[in-house]
There are 2 protein chains.
Amino acid sequence: MLCAAELGQKIDKKVFNERVPSLRTELLLAQNQLRQAADFSVVAVVAGSDAAGKGRTVNRLHQWLDTRYVQTHAFDQPSDEQAERPLAWRYWRVLPAKGRMAIFLGSWYSEVIRAMLAGELSETDFARALGHLSTFEQQLTDDGTLLVKYWFHIPKKLQKKRLERYASDPDRAWRVTDLDWRNLRHYDRLRPICERLLNETHSSQAPWLVVDGTDRRYRELTVSEHLLQSLRSRLDTVPTVSLPSPVPVHTSEVETDGPTVLSQLDLDQEISRSHYRRQLRKWQGRLNKLSRQAHKKRTGVVLVFEGADAAGKGGAIRRVTTALDARRYEVVPIAAPNDEERARHYLWRFWRRLPRAGNWTVFDRSWYGRVLVERVEQFATEPEWRRAYQEIRDFEELLCEHGIVLVKFWLHIDLDEQAKRFAEREQVPYKQYKITDEDYRNRSKWPQYETAVQDMFQQTCRPHAPWTLVEANDKYFARIKVLRTICDHLRAGVRS
Amino acid sequence: MLCAAELGQKIDKKVFNERVPSLRTELLLAQNQLRQAADFSVVAVVAGSDAAGKGRTVNRLHQWLDTRYVQTHAFDQPSDEQAERPLAWRYWRVLPAKGRMAIFLGSWYSEVIRAMLAGELSETDFARALGHLSTFEQQLTDDGTLLVKYWFHIPKKLQKKRLERYASDPDRAWRVTDLDWRNLRHYDRLRPICERLLNETHSSQAPWLVVDGTDRRYRELTVSEHLLQSLRSRLDTVPTVSLPSPVPVHTSEVETDGPTVLSQLDLDQEISRSHYRRQLRKWQGRLNKLSRQAHKKRTGVVLVFEGADAAGKGGAIRRVTTALDARRYEVVPIAAPNDEERARHYLWRFWRRLPRAGNWTVFDRSWYGRVLVERVEQFATEPEWRRAYQEIRDFEELLCEHGIVLVKFWLHIDLDEQAKRFAEREQVPYKQYKITDEDYRNRSKWPQYETAVQDMFQQTCRPHAPWTLVEANDKYFARIKVLRTICDHLRAGVRS
C-alpha cells in the first residue's frame, strides 16, 4: 500500500488557494450539523512516518474546524495513572461524545510499532496486538462512530532530509527525537511492519487512507477533503445510530423449555447460622490477607455481581468489602447511565471506573446489563445486544491480559424465594425503599430473563473469565460461596 | 484541644453491642434519605495521629453504611497527573455528587502537616496553606455540602506502644511506615503544629471533633453517632441547598448611571487590513515561540474569554490556537452544565478541565458565568453570585500560585455593532446557527449585563489575575490586542 504514496504528488498554490475557502465553509457546516444532530462521534486517526507532516496537517485541521468541538490527543509515555490500567484505557478515557470529533495523533498504532521495532513483541504478540486494535475500532464503528484513518508516508530519502533540516534549525530541533533517528536507521525494517499493520487493520468500516506526505498542500487537501466527504456522506444518508454488526454472532441459544444451567442448580443447599459465622470469619480473614498480597503485587481486582432482584447481591458485596481496606476499593452501583455516559459507547462507563493497580472495583450490576435488562426491556436493539457478547469477551480479555483478577457472580434464587424476600423487605423500615413497582413488574418477565441469562453464560463464560453460579436461596450459603470463590481466584491470580 | 482527647475514654462491650444495631439501621435510613433527596453531599474528613485508629474506624463506617454510596479516598504521593496541577485538584476531582458521601482519609491536612514538619514551609506559608484549606472547606459548605471533620488523637506513649506492636506482627508490619516512626520521634514538635492547625481551621460550618483514639469501641461509636446526628439534623431541618454566605461581601457596586469602565473604552480604535495581516503574522510567530518555551518549562496556561454575544470571542480564540500545537491545547466551550456537573459545586467543571503541565486550556466563557448570565438570568441566587466573587478570587489564586499563566479577556462591543453582526451572521450560511432568539432577548438586558460586568471587574481584577478589556468593535484591532496581551503575560510568566 505504501508505494502508492511515493509518487511525490503535489498541488500547486493556485489550485490550493481556490479550493480552500469553500472547503473551510463546508467543513464548518458539516461540523455544525454533526454537533446539532449529535447522534454519532467522529474519530480521526493520524499515524505514519516521522517527518511526514502529521502534526502540521492536524494543526491545519484545527485551523479550519471549529476548535471548540474537536480535540487532538497525542500519547507519549503513559502517565502512572495510565500505566496502571490496560493500555486501551487511555484511549477509552478520552473518546469524544456524540456530536464531537477527536483526532488521535500517532494513536493506538504508535505503541505497537514501537514495541515491535524494539523487539519486545513476538510475531504472535504482534498479530494479537493488531487483533485487539481492529476489535477496538470495530467496537467504535459498531457503536456508530465515524472512524477515518490516515497513514502518512514519505520515502526514506525525504525523511532523512527533513530530519536533518529540522535538527539544524534551532526553532525546530526540539521536534526531532532520538526515536526519530532510530526509526530512520531502521526504515527498511520498519516498512514491512507498517505494511503488515496496514493490511491487517484495514477494513470496510475502518479503512486506511495512505497519504503522500511529500507536499504540504497535497496532504492537507487530501486529508481535509476526505474527512469532509466521509462526514458528509454519513450526515446525508444515515438516519440512525446503530448499524447492524457485520460480524455474525453464533446463535447458540437453547430452547427455553429444555433444562437450563439455572434449572439444574440445587437451590436447597444451606448452612446453619453457627456454621456460617465460623466460615465467615475464616474466609474474610483469608480474603483480607490475600487482598493485602494483591495490593503489594499491584494486582487490580474487578468483581461483577449479577442476579435477580433481591438475590442478595448487596449483602454478599458487603461481606466481601468488610474484609477489604476502605481506601482500596470502590463499589459501583449500575443504574441508568448519566448524560456523559449516554453520549458514548456503553462500555465507556465501565472503562472509566477500572481500578488503579492494587485496588478493587466491585460492580453491583455491570456491563452484562446490555444482554440482560437492555435485551429483555428492549432498550438495546437486537443487533446491539447480540454483538455485545463479543464486545464483552474482548473487554474482559483486555482486563485479564493486563493482569486484573476478574470474578463474575450470578446469584440465583427462585420465584418463591424472591416473593418471600419482597414481602420481608416491605416489613423492614430501612429496606422498604428497595421495593418498587418495577420489581414486581420484572417478576412477570422471569422466563425472558432466564433465557437471557442462559445465553449470557454460554457466550461469556471463558477460561480466563468464568462465571460462578451461586445458589442463593440460602443467603449464608451464597455469601460463603462468594467469599471462597474470590479467595480461590485471588490465590491463582496473584501467584501467577 | 488535644488534651481533652487524652482521658482514655472507653465504652464497654455490652453498651457497644446494645447501641450498634439501632445505630446501623438509622445510619442506613439517613443515608438512603440523603440519596433520595440528593440535594447535598457529605464529606467526612478523618485525620490525626498515626496509629490512632483512623483506618479501622473508616473500615467500620464502611461496614455500617451502604458502601455503594460512600467512597473513601486516601492520598499518598501525588500521581504525575496530580502533580501537574494545583494540589487541590486531586480533592476537587473526587468530590461526591449530591446524595453521596465521601470520606477523605488523611485528606488535605496530611500534606500540609508533612511539609511543615519537614521544614518545607515558613510560618507564613503554613498560615497561608491553612487559609487555603479553610477557604476550600467554606466553598464546600457554602455550596451545601455537609462537612464533618474528625481528628483522631492518642498520647505519645500509646502511639509508641501501638507502632511497636504493629511492627512486630507480620500481618500488620506493612502498616508502619518510615513516616510513622519519624512522626513519633517528632511527636513533641508535631503537637503544637496540630494544635494550631485545629484552631485555625475550626469554624462553625466546619468544626473539628477531636476523637480520643485509645479505645476502639469508643472512637467508632463517637464518630458514627456524630455523623448520624449531623446527617439527621441536616436532613430534618434544611429544606434547600443554598445557604446564605456567612462572609459579608463588599458591596462596592457603582451606580449604573455613572461612567463605567466599559463606557470609557474607546471602541473606535481600528487597524487596516494590511496592517492587521502583518501584525497577525508577527504576533502569532511570537506566540508560537513563547508557547514552546512554556511547554519546555512545563508552564500551564489558562485563557478566559468573556464578552457579549457576537463580540468575536470565537474568532479571537481561533487566531490564538492557530499559533499553538494542536496536541497541546483544548478549547472548552461553556454552556449549560451536564448532569455530573450540575450535581456538584459550580467550580468543579472548571477544576476538571485544568491543563496538565505545559498544556493550555482555553475557556470560551468560563466560571464568570456565575456572576454574569447566572446573576442576570437569576439562575443563581443573590447570596450565591455574591459569594462567587470571593470563590473566584480564591480559585484563581490557586492557579497562579501553582505557576499557571492565567489571562482573562473581556471583549467589548456596543449595541450597534452587535446588531450589525447579528444581521451579518444571518447572511452567512455557516454562521446562521449561531443566531437564536435567545441572542435577541439578551440584548434587552444590556444594562443589567453592564452592571454585572462592572462589578465583575471591580471584584476580580487582581494583580496576579488582571482583566484585559478589549475594544472589539474592530475585529482586527481586538485580535491583535489579544495576541499581544497573551505574549506579554507569557513572557513574564515563563521567565519568572
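1. In what order do the five strands S6, S7, S8, S9 and S10 of chain A form an open sheet? The order is S7-S8-S6-S9-S10, with parallel pairing. Strands here are DSSP E runs of at least two residues, helices are H or I runs of at least four, and both are numbered from the N terminus. Two strands pair if DSSP finds at least two bridges between them.

2. A quick word on ground rules. This is a predicted model, where local features need pLDDT of at least 70, side-chain atom pairs count only at pLDDT 80 or more, and totals for chains, interfaces and linings use all residues. Residues are numbered from 1 along each chain as its sequence is written, while chains are lettered from A and ligands numbered from 1 in the order in which they are written.

3. Five bridges link S7(A) to S8 (residues 360-364) of chain A in the parallel sense, and A:Val332 sits opposite A:Phe363 in S8(A).

4. Now the other five-stranded open sheet: S2-S3-S1-S4-S5 of chain A, with parallel pairing. Neighbouring strands are turned by 20 degrees against each other on average, direction ignored.

5. S4 (residues 146-153) of chain A is worth a look: seven of its eight residues are buried (20 or more other C-beta atoms within 10 Å of a residue's own, with C-beta atoms placed from the backbone). S4(A) runs parallel to S1 (residues 42-48) of chain A, joined by seven bridges, and pairs in the parallel sense with S5 (residues 208-212) of chain A over five bridges. A:Tyr150 in S4(A) stands opposite A:Val46, and has A:Leu209 as its bridge partner in S5(A). For A:Lys149, the partner in S5(A) is A:Trp208.

6. On to the helix pair. H5 (residues 107-117) and H6 (residues 123-142) of chain A pack at about 180 degrees, axes 11 Å apart. Axes are lines fitted to C-alpha atoms, for helices over the stretch in contact, and angles run from 0 to 180 degrees between N-to-C directions. So H5(A) is roughly antiparallel to H6(A) (angles over 145 degrees).

7. Who makes that contact (C-beta atoms, placed from the backbone, within 7 Å)? A:Trp108, A:Val112 and A:Met116 of H5(A) meet A:Phe126, A:Ala129, A:Leu130, A:Leu133 and A:Phe136 of H6(A).

Methods: Angles under 35 degrees count as roughly parallel, over 145 as roughly antiparallel, 65 to 115 as roughly perpendicular and the rest as oblique. Two residues are in contact if their C-beta atoms, placed from the backbone, lie within 7 Å. A residue is buried if 20 or more other C-beta atoms lie within 10 Å of its own, exposed if 12 or fewer, and partly exposed in between; C-beta atoms are placed from the backbone.
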